[in-house]
Every structure is written in structure tokens, then in C-alpha cells.
Amino acid sequence: MYRLIGAGLAALMLLVSCNRPVQGGRDTIELVKAIAADSSSPEHVMLSGFRKPLNGGGIYIIGSPASCVQLGSKFLECDMFENARGNAWGDGLKDFAGEEFDYIADTAFAPYEAFAAKYGADKLREATVRLCLSALKPNCNVSIYDLDGNQEKTPAKLIILADPWLLGHGKADVDTLFTMTGCNVPVFSPQELMFDQVLGGDKKNFRIGVMSDSTYAAKGLYTALFDAKVKQYDVVGARCFEAAAETEGGTLLAFLDRYAESGGTEPLEALLVDDLTIDIHQLQAELKAIRDFNKEEFMRYGKLVSPDFKIISSSELTMTACYREMRSSNLFTHRIARPVSREFTVRPMLDGNEMQYLLIPSENVQN
């Protein structure tokens, strides 16, 4: 019996490795193997029930509280498409009208850098998988005293991992688990979409700038994510420079100053913006000034950007990817109403186990 399960798991792992990159080329974590191998486990049964996500489900955004709220607010106000035909221009109507956005604002495992440092990278990978499983469950906890989960909630039809740490530590494990159990709920990462945009197409960009929130900048996080994508796409010679967004004296100009100070001389081909507080239109205005022969900015900064230099917003890429996925898979609710949001707080249980937590509607949380 156990030999059959082991052989089946090995075959599934081979299938997954042929179709999706597993976490940085490493084997997946034990939690994923255990769930995939036991078809009678509650998690496996639940996941296999999502072979076709229901359009009545929610759009779940998972990450630190700030990343959830910032990205969620972009979705709530999004008007990038003409809704009747899906053309890429606004029509005055909210693109995600009638949808429910559920934020899993993680205060149990976040901040993720500190959690990984304390418990190890594999524990953070496990936490990412567990958070995604909680998004799919039809119930949550009423309060910190409800250990069984006695309150109903909307299960996920689409999941977004908002925090870059969750891309580097867990998304590939989630992809592996979902594939191995037949779960077809789409899982997106804004940072993965950015790097796929510049490295995954026929025309690749080799000199990339990444502008991020100061919480994540200058720690090598984005460089590591970039390097993993370079390896996945077998790109040679691509380089990445990351720095925090600054607003004094021009955001794009300040970024190029930091690039020059680091020794950068070759023109950047793309700027990936992963700070949701930055005004992309302002960056475009600064780029226009850099390209203007009559402006002082051209002499100082013109050589640091290529002629086809482009500015790419992680939030716009994510909203575009989600909209197109929901349209092609018929996942829209088609309710005539403004999009709404609901926030859940992730609270650790009081048993001392760092991996056990409760998912509580924020309105029920007592501080």
C-alpha cells in the first residue's frame, strides 16, 4: 500500500516538474508531499473540489496588512478595461464590479523576514501554503476562543500573494500542491508577473531597475527573485538594480541617482515599480523630461535610460492578469454592485506552535 502511494507521489512529482518550476529548483516541502500523497486527507479532498472554481467565490489577497490593503484599494478602484468586450481602456465602470475582495492580513507570520530568520525558510514556505489553504476553506474563526472555526466565509476563486517574500518562499510550493491535487484556483504574484514581463517574452530586457517600498529595498530580496527567474528562463547576462522609492526632487530621478552612485553606467531598459504608493503618471512625466532635448534632465539622466525604456507597475500587471483570467474562465459574479472588501486577521494560537493560527474577521478582533 505504502509502495503504491510512494510510487504515485513520485509520478505526480515528475509530472509537476515537467509543467511548473518547483521552488527555486528545490524539492517541495513535507507538508505538500503529505497532502498530495493522502487523497483522504481533509486538505486533499478540499483542494480536489476546486477543479473548477465557482464564480461566486472571493478574490483573496494574502500578505502583510499594509500590502493587502494597498493592493486591494487598487482593485476596488480599477477601471482599466471596457467591460463589455474587455478592451484595454476605461469605460467609467469598475472593472471588478460585484466582486468580493478578502484580505488575509497576516499578523501571525509577518513580518516575513523576521519569521524566516527565526524559524527558517522552509517554515515560511509552509506558512504560505497554510495561508492559501485557509483562503479556500468555507469557514473561519469567530474569535480567538473559537478553535474549531464556526463562522462561514466565502471560499477563494482566485488568490494573490501580495508580499514579495511569499513569492520567494512558498508560491512554487502552492503551485505544486494545487497541480498535484487538481486544484485549478489561479494564484498570482505581482512580483512574479513583473519579472515574467521582462524576461519571459521573445524580447528580453537585460538591465532592470526595481523600485520598491523601503521595507524591502536594499536587502537583496528582489535580486534573489530576479536571479531565480533568470535561471528559469535561461537568460545570460541580465542584471538587476534595486532601490527604495524616494519622492524628494523627483522619484525617477532619485532612483537613477542611486543607480549611478552604485556604479551603473549602462542604460536601464525597464523599471519595475513595486511600491503601490508611487504615482506612475508622475514617473512617466519625469521620463518625458529626461527624453526632452530641451530639458536639463536629458543631459544628466538621458544616458541612463535606453531609447525603449519602459516603466512597469506591479499593481497594473496584477489587475490585468486577474481581469483576463476571470474573463477567460468566466469567474466574474456579474452582480451589478460596487466591489466590496472584507479583512481577516491572522492570529497565532495560544499553544506555542508557531504554525498554528486562527483566521478571524477583523471586525471580530478585540485588541
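Helices (H or I, at least four residues) and strands (E, at least two) are DSSP runs, numbered from the N terminus. This is a predicted model, in which local features need pLDDT of at least 70, side-chain atom pairs count only at pLDDT 80 or more, and totals for chains, interfaces and linings use all residues. Residues are numbered from 1 along each chain as its sequence is written, and side-chain values use heavy atoms, with hydrogens and water left out.

Helix 10 spans residues 251–261, and eight of its 11 residues are buried (under 20% relative accessible area, with exposed over 50% and partly exposed in between, for a 1.4 Å probe and protein chains only). The buried residues are T251, L252, L253, A254, F255, L256, D257 and Y259. Their cover includes strand 7 (207–212), strand 8 (239–244) and helix 11 (280–290).

## Strand 7

Strand 7 is largely enclosed by the rest of the structure, because six of its six residues are buried. R207, G209 and M211 point one way, while I208, V210 and S212 point the other way.

Strands 7 and 8 run parallel and are joined by six bridges (two strands pair if DSSP finds at least two bridges between them). S212 has A244 of strand 8 as its bridge partner.

## Helices 4 and 13

Helix 4 (residues 65–76) passes helix 13 (residues 314–328) with axes that come within 10 Å and cross at roughly 55°. Axes are lines fitted to C-alpha atoms, for helices over the stretch in contact, and angles run from 0 to 180 degrees between N-to-C directions. The contact (heavy atoms within 4.5 Å) is made by L71, K74 and F75 of helix 4 and S315, T318, M319 and C322 of helix 13.
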